[in-house]
Amino acid sequence: MEQKTNEFPFLMAQKGPLQGQVWAIKDEIVIGRDPACDIVIDDRKISRKHAQIHFNADKKNYLTDLNSKNGTLLNGDYVIDPASLKDGDEIIIGLVQEFIYVSSDATLPLGKAPATDTGSGLKLFIDQKARRIWIGEKELIPPLSVSQYELLVFLYEHQGSVVTREEVVEEVWKNEKAIGVTEQALDALVRRLRERLNKIDPTHDYIITVRGVGFKLENDSYA
């Protein structure tokens with residue numbers, strides 16, 4: 001189906017590791033390899049803070065390269081100075097990830113939110129094929145970072161059960177990358193994910209910390 005974006009422009013990920021994901025540009029967006037970025041591309045060709053999209057004084061969105069190692073392309077040209085964006089512009093980050101910029105008055109093909117399953121009593125729903133997340137009728141936009149998404153999916157697949165901290169580290173950071181992951185890094189990741197979920201639904205704590213063991217996703221019906 002086609003849905004009018006109305007309020008906000010969007011970035012649509014095309015070719016690359018984030019293909020199919022969509023981000024609404026409500027404020028400035030920083031793109032990079034650092035987990036703290038708004039859009040995280042986990043590839044060593046991407047600088048920690050690679051590029052930024054932001055509003056300028058003329059109320060238009062501008063693309064700025066943040067002195068990245070491998071550069072940022074706008075419609076095939078390297079971005080040297082801040083460049084204004086228009087509907088349909090192609091952005092390529094570090095020769096790794098392609099995005100299409102969609103203006104706020106354009107139409108964007110989006111899937112319909114899943115119907116509420118009153119029988120299951122579940123509030124949070126993940127469409128893993130489309131990599132989209134809903135809490136009730138509200139979709140989580142902009143999407144989660146790669147590490148936040150993988151953490152939530154792992155908890156979602158084991159909801160109602162406690163998963164250990166070690167299992168979470170192995171699932172999110174994978175094999176060699178899991179070596180040396182600190183307790184602080186894991187806690188920071190969990191905290192950021194909680195904050196994103198609470199922005200949509202501040203009435204319920206979805207991620208429960210089980211002291212000395214790990215974490216559990218509470219996704220049953222609640223008052």
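Which helix gives the most to the lining of the largest cavity? Select helix α4, residues 183-200: that helix contributes 3 residues to the lining. (Helices, H or I with at least four residues, and strands, E with at least two, are DSSP runs numbered from the N terminus.) Before going further, note that this is a predicted model, where local features need pLDDT of at least 70, side-chain atom pairs count only at pLDDT 80 or more, and totals for chains, interfaces and linings use all residues. Residues are numbered from 1 along each chain as its sequence is written, and side-chain values use heavy atoms, with hydrogens and water left out.

**Stop 1: the cavity**

Now select R194, L197, N198, H204, D205, Y206 and I207, which line the largest cavity. On a 1 Å grid over the protein atoms alone, a cavity is a set of points where a 1.4 Å probe fits but cannot get out, and lining residues have an atom within 4 Å of a point. The structure holds 1 cavity of 30 Å³ or more, and the space in the largest is about 30 Å³. Volume here is the space filled by probe spheres set on the points, with grid points joined across faces, edges and corners. Colour the lining by class and you get 3 nonpolar, 2 polar and 2 charged residues (nonpolar is Ala, Val, Leu, Ile, Met, Phe, Trp, Tyr, Cys and Pro; charged is Asp, Glu, Lys and Arg; the others, Gly among them, are polar).

**Stop 2: the sheet β17-β19-β18**

Next, show the open sheet whose 3 strands run in the order β17-β19-β18 with antiparallel pairing (strands pair if DSSP finds at least two bridges between them). β17 (163-164) and β18 (207-210) are the edge strands with a single partner each, so one side of each has no neighbour in the sheet. Zoom in on β18 and β19 (residues 214-217), which are joined antiparallel over 4 bridges. Pick I208 and you'll find its bridge partner, K216, in β19. α4 packs on this sheet too, touching β18 and β19, with its direction at about 150° to that of β18. Contact means heavy atoms within 4.5 Å; axes are lines fitted to C-alpha atoms, for helices over the stretch in contact, and angles run from 0 to 180 degrees between N-to-C directions. At the hairpin formed by β18 and β19, 3 residues sit between the strands, and G212 in the turn has a positive phi of about 80°.

**Stop 3: α1 and another sheet**

Select helix α1 (residues 146-157), which lies across β17, β18 and β19 at about 70° to β19. α1 also lies across β14 and β15, at about 115° to β14. Those strands belong to an open antiparallel sheet of 3 strands, ordered β14-β15-β16.

Terms used. 1 Å grid on protein atoms, 1.4 Å probe; cavity = no way out; pocket = protein on both sides within 12 Å on 5 of 7 lines; lining within 4 Å.
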